[in-house]
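Please keep the sequence and the coordinates at hand while reading.

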Amino acid sequence: MTDIPAVHDSAGLLGLPDAACQQHRIAKKMLAAQFEDQAPADARLLTKAVTLAQLVGILRPETIQVPKYQDAERAVVDVPVLEVLVSEKTSAADRTRVTELVHRSMAKPVVLLAHMPDGHTTLSLALSHVSRTDPTQSTSVIDAHVMVPAGGIEPGALYLDRLDRTDMWALYRDLVRTAAADGRPASTALQAVEAIALRRRLTDLESELITVVRDAKRAKNQQRRIELNLAARALRAQIRHVRGNLYSTDDHHGIA
């Protein structure tokens with residue numbers, strides 16, 4: 001029988017109280033059912049890519065002592081905590097798509113840990129609202145999505161008792177904000193959507209830097225090498241700036 005890996009479990013990552021912990025298998029058909037009529041390709045992807053899904057916790061006002069939240073776009077009365085095991089045959093692009101689909105399959109914020117085929121675990125969080133075009137109001141639209149390696153998050157940073165406990169939506173947004181900065185956000189003024197944007201910008205810049213450095217090493221023309229090295233220097237400066245806006249001053253992220 002296939003089991004969810006014990007490492008980077010959600011209960012330990014979030015410091016879940018016993019009252020919030022669950023242990024229930026989720027049928028893949030339940031996740032895929034939301035897309036079978038309108039997006040059958042997405043339903044097939046979920047069925048193919050998810051080897052195992054489990055509900056491992058539910059954040060409720062009565063279990064974590066945080067008030068519920070409601071406005072015109074969302075009612076946050078509980079937040080499911082899920083873990084999924086992703087199939088080895090799933091491409092990198094499809095892994096991102098699968099996590100987005102899990103978030104969209106529910107009309108509420110979701111905490112998702114995705115255990116990848118390479119042994120790494122990714123924390124996936126999404127700022128979302130209930131779909132206005134879904135007559136059943138059982139699915140969500142994603143406004144912003146972030147995926148971060150669970151192993152890189154500062155230990156204890158995502159414990160629920162350390163987050164904004166004003167209400168359930170504030171708690172979730174603070175979870176997103178903190179996770180996007182690997183547990184070391186630069187400032188309490190940094191908003192969740194801003195943290196996601198900075199994280200995405202940082203990822204893009206670091207990927208671009210890797211490509212430029214590689215091309216500089218391969219360049220045979222000296223002038224071209226100089227140009228690429230100057231581009232790399234500019235990218236490093238941009239990376240330092242973005243990291244300064246995203247991470248606290250005591251973070252130890254190196255610059256390539």
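This is a predicted model: local features need pLDDT of at least 70, side-chain atom pairs count only at pLDDT 80 or more; totals for chains, interfaces and linings use all residues.

How many residues does helix 8 have, and how far does helix 8 reach from its first C-alpha to its last?

## Helix 8

Helix 8, spanning residues 222–246, has 25 residues and reaches 36 Å from its first C-alpha to its last, which is close to the 36 Å expected at 1.5 Å a residue. At the N-terminal end, helix 8 is capped by Asn 221, a side-chain oxygen of which lies 2.9 Å from the backbone nitrogen of Gln 223.

Leu 228, Ala 232, Leu 235, Ile 239, Val 242, Arg 243 and Leu 246 are the buried residues of helix 8. An α-helix has 3.6 residues a turn, so residues three or four places apart point the same way. The cover over the buried residues of helix 8 includes helix 6 (168–180) and helix 7 (192–218).

## Helix 3 against helix 5

The axes of helix 3 (residues 40–49) and helix 5 (residues 92–104) come within 10 Å and cross at roughly 110 degrees; the two helices are therefore roughly perpendicular to each other, since angles of 65 to 115 degrees are counted in that way.

From helix 3, Asp 42, Leu 45, Leu 46, Lys 48 and Ala 49 meet Asp 94, Arg 97, Val 98, Leu 101, Val 102 and Arg 104 of helix 5. By class, this contact has six nonpolar and five charged residues, with no polar ones.

## Ala 75 in strand 4

Ala 75, which is found in strand 4 (residues 75–76), is partly exposed, with a relative accessible area of 34%. Leaving aside residues up to four places away in sequence, Ala 75 touches Tyr 69 and Gln 70. The C-alpha atoms of Ala 75 and Ala 20, which are 55 residues apart along the chain, are separated by 19 Å.

Definitions and conventions. Residues are numbered from 1 along each chain as its sequence is written. Side-chain values use heavy atoms; hydrogens and water are left out. Helices (H or I, at least four residues) and strands (E, at least two) are DSSP runs, numbered from the N terminus. Buried means under 20% relative accessible area, exposed over 50%, partly exposed in between (1.4 Å probe, protein chains only). Contact means heavy atoms within 4.5 Å. Axes are lines fitted to C-alpha atoms, for helices over the stretch in contact, and angles run from 0 to 180 degrees between N-to-C directions. Angles under 35 degrees count as roughly parallel, over 145 as roughly antiparallel, 65 to 115 as roughly perpendicular and the rest as oblique. Ala, Val, Leu, Ile, Met, Phe, Trp, Tyr, Cys and Pro count as nonpolar, Asp, Glu, Lys and Arg as charged, and the others, Gly among them, as polar. The expected span of a helix is 1.5 Å times one less than its number of residues. A polar contact is a pair of N or O atoms within 3.5 Å; within protein, one must be able to donate a hydrogen and the other to accept it, and residues adjacent in sequence count only if both atoms are side-chain atoms.
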